[in-house]
Structure formats: C-alpha cells, structure tokens
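Here's a walk through a model, taken one kind of interaction at a time. Keep the viewer open as you read.

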Amino acid sequence: MHFKQLLLAGIISISAFGSINAQAATGYKRTKTTSVSKKAYYTTNVKGSTYRNNKSTKHFVFKANHALKNYKNTTWTRTKKTTITKHGKKYLYYYVHNSKNNAAGWIYSKYLKAGKNYQATTPTAYKDTFTKFKAGKIYTIHGKNSAITFKKVAPLASKTNYKVTQKRYVYKHGKKYLYYKVSKTKKSATGWVWHKYLLKGKYTKTSSANKTTS
C-alpha cells in the first residue's frame, strides 16, 4: 500500500508539473518594440480596446485603457509595433495615439484601416456662386484640423443663390471630400457643404427647368 501511495503521489506531481508547464507555454509573449513610419488609421470596431504595455517581453499582460467605441470619428497614428504571441498564434499590434485627445495604447492591427478620419485641411479662399443641386445640409465645422466635428445648421434651400467664399478638404473613413463654405445671398445661413450638393451658377427659372428635365 505504501508503494502504491508513493506511486500515486508521483503521478499527481508529474501531472501538476505538466499542467503548469502547459499554462506557461500558452502565456502571452511579445517581441521587442520597434519604431515604424507614422501612418494614419481609423477603426470601425466598437467592441475592442487599446491596451497598456505591461510586464516583460516574456510575460505580456493585457490591460485595457481606452474603449474604441469612444473614438469612432477620430484618427489614430501609429508609431511603434510589436508581435504578441497568444496561445501559439502571432498577432501584430501597433502603438497608436489619437488625434482627438492624444489617448495612446496598443491596438490589434486588424482593427485598423488605413486613412484619416474626421480631419480637414486649412480653408483657402475660393469665390463663386452656386445653387442647390441635390438635397443636402449646411454644417459648421468645429475643432482643429486634426480632429473635427460637424454640427448641422440648416438644409440647403431650393431656388436660392449661395455665395462661396472658401474651400477645404475633409477626410472621412480614409476618403477625401471637397467642401465649400457658403452663405445665402439674401439671408444668413453660413456653413460648409459637400460640393456635390451644389451646382455652379446663379439660380434662374431657366436653369431650374434644365435641372428638372436633365
């Protein structure tokens, strides 16, 4: 009986040791961080997070610090990269900071899409007259060029001349859009409009009829 008890205890010890080793083998590891060229990204992921860099390269611990759902209409810029091994699989992570409030952390690269999001260029002078071509809205644009927000002012009015004084480009989800700053020639309704909602030229009954039949 004594021999059997010793044998059983040995088997249990070996099993426990093997279990510990298995857990260690599936622990998170990462490569050393390396600098990368700066590049703009955005994310449509609303369930993920960015993470702080914790522990050593041999024992990486994930601790979330920013929820991506709070940064939908913003731009992230990468500066570093690392490869994290989780349960035997490798995942590329970028270290990023946000244009809205400079929030920073590590994010899984597959959560990112290349391109600027809700950023704008500096307005430049541009003078001309336009009328409404399609249904659209006039917006005010707030914030710095690196992180802008829109606020609706009014819908575009039909049979109205709009005076354009400036133009600028706005980036949304990696795409570039041309916006004009407009104001009514009779009543004040100043703001920014996507250029494809406008038709160059002054409003006349003839031009209105042409738009209807085209």
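What follows goes from model confidence to rings, charges and backbone.

This is a predicted model, where local features need pLDDT of at least 70, side-chain atom pairs count only at pLDDT 80 or more, and totals for chains, interfaces and linings use all residues. Residues are numbered from 1 along each chain as its sequence is written, and side-chain values use heavy atoms, with hydrogens and water left out.

Confidence comes as pLDDT (the predictor's confidence in each residue, from 0 to 100). The protein's mean is 85, with 80% of its residues at 70 or more. Residues 3-26 are another story: pLDDT stays under 50 there, and the model has one contact beyond four places in sequence for them (contact means heavy atoms within 4.5 Å).

Now the rings. The whole structure has 16 aromatic pairs; rings of Phe, Tyr and Trp (its six-membered ring) pair if their centres lie within 6.5 Å, and planes under 30 degrees apart count as stacked, over 60 as edge-to-face and the rest as tilted. Tyr126 and Tyr180 make a stacked pair, 5.1 Å centre to centre with 10° between the planes. That pair links distant parts of the chain, 54 residues apart: Tyr126 is in strand 10 and Tyr180 in strand 14 (residues 175-184). Strands here are DSSP runs (E, at least two residues), numbered from the N terminus. Tyr180 is buried at 9% relative accessible area, while Tyr126 is partly exposed at 21%; buried means under 20%, exposed over 50%, partly exposed in between (1.4 Å probe, protein chains only).

Phe150 and Tyr179 form a tilted pair, 5.8 Å centre to centre and 45° between the planes. Here strand 12 (residues 147-155) holds Phe150 and strand 14 holds Tyr179, 29 residues apart.

On to charges. There is one salt bridge in the whole structure (a side-chain nitrogen of Lys or Arg within 4 Å of a carboxyl oxygen of Asp or Glu). Lys200 and Asp128 form it, their closest N and O atoms 3.2 Å apart. Lys200 lies in strand 16 (residues 198-200) and Asp128 in strand 10 (residues 124-132), so the pair ties together parts 72 residues apart in sequence.

Finally, the backbone. Most residues other than glycine have a negative phi. Asn102 has a positive one of about 65°, in the loop between strand 6 (89-98) and strand 7 (104-108), and Asn102 is exposed at 54%. Tyr118 also has a positive phi, near 55°, but Tyr118 is buried at 16%.

Note on methods:
Helix = DSSP H or I, 4+ residues; strand = E, 2+ residues; numbered from the N terminus.
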